[in-house]
Amino acid sequence: MSIWTLFTLAIGLSMDAFAVSVCKGLALRQVKLKNCILVGLWFGGFQALMPLFGYFLGIQFKDYITAFDHWIAFILLSLIGISMIKEALEKNEECADPSLAFKDMLVLAIATSIDALAVGITFAFLRVNITAAVSFIGIITFCISMLGVKIGSMFGTKYKSKAELAGGIILILLGLKILFEHLGILL
């Protein structure tokens with residue numbers, strides 16, 4: 001997987017975390033750097049851990065599904081992307097509460113990184129340096145989440161649905177790219 005593809009994937013995966021971070025920034029009365037770092041660490045950490053778990057899970061089945069692994073990657077990325085697009089198009093403007101408590105952040109971090117678990121499973125079927133991939137995804141998500149908190153405090157939810165929509169489209173396009181490469185279709 002090229003660095004550009006990995007970067008694009010990391011951006012797509014981080015959009016859920018960005019959207020929730022925007023809501024956190026909106027809900028917090030006064031945003032401090034430590035708030036931005038804390039949210040970034042939660043979301044970036046889980047976005048790095050979940051694909052690692054998915055990778056080790058996927059390795060267990062790699063030998064059985066190598067013949068159609070590209071279809072699995074395409075389907076998983078497309079389903080995640082469609083889900084993100086659906087969320088973006090819903091008119092639900094609910095936002096998170098201002099709590100940065102352990103249990104609240106744990107639930108949000110898991111919820112926003114489930115898609116990264118599925119992506120980790122696809123990593124098992126692709127030629128990916130898993131250490132570099134999860135580090136890259138974690139760092140990108142950390143930075144984007146910190147930015148999301150700040151943007152939320154400044155602009156509100158204006159960019160929340162646009163971020164989810166962009167993330168969904170990116171993941172679907174990456175799924176198509178993987179499928180086309182394995183089928184020998186040039187882009």
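User: In which helix is the place of threonine 8?

Analyst: Threonine 8 has its place in helix 1, where helices are DSSP runs of H or I with at least four residues, strands are runs of E with at least two, and both are numbered from the N terminus. The model is a predicted one, in which local features need pLDDT of at least 70 and side-chain atom pairs count only at pLDDT 80 or more, while totals for chains, interfaces and linings use all residues. Residues are numbered from 1 along each chain as its sequence is written, and side-chain values use heavy atoms, with hydrogens and water left out.

User: Why does threonine 8 count as buried?

Analyst: Burial is read from relative accessible area (buried is under 20%, exposed over 50%, partly exposed in between, with a 1.4 Å probe and protein chains only). Threonine 8 counts as buried because its relative accessibility is 19%. If residues up to four places away in sequence are not counted, threonine 8 touches Ile170 and Leu174, a contact being heavy atoms within 4.5 Å.

User: Is tryptophan 4 buried or exposed?

Analyst: Tryptophan 4, which also lies in helix 1, is exposed, because its relative accessible area is 61%.

User: What reach does helix 5 have from its first C-alpha to its last, and at which residue does helix 5 bend?

Analyst: Helix 5, formed by residues 102–123, has 22 residues and reaches 30 Å, which is close to the 32 Å expected at 1.5 Å a residue. Helix 5 bends by about 45 degrees at serine 113.

User: Why does serine 113 count as buried, and which residues does serine 113 touch?

Analyst: Serine 113, found in helix 5, counts as buried because its relative accessibility is 0%. Leaving aside residues up to four places away in sequence, serine 113 touches Phe46, Gln47 and Met50. Other buried residues of helix 5 include Met105, Ala109, Thr112, Asp115, Ala116 and Phe123, and what covers the buried residues of this helix includes helix 1 (3–27), helix 2 (33–59), helix 4 (69–89) and helix 6 (130–155).

User: How many residues apart in sequence are valine 134 and leucine 52, and how far apart in space?

Analyst: Valine 134 and leucine 52 are 82 residues apart in sequence, whereas their C-alpha atoms are 6.6 Å apart in space. Valine 134 lies in helix 6 and is buried, because its relative accessible area is 9%. With residues up to four places away in sequence not counted, valine 134 touches Ala48, Pro51 and Leu52, so the residue used for the distance, leucine 52, is also one of those that valine 134 touches.

Conventions:
The expected span of a helix is 1.5 Å times one less than its number of residues. The bend at a residue is the angle between axes fitted to the seven residues ending there and the seven starting there.
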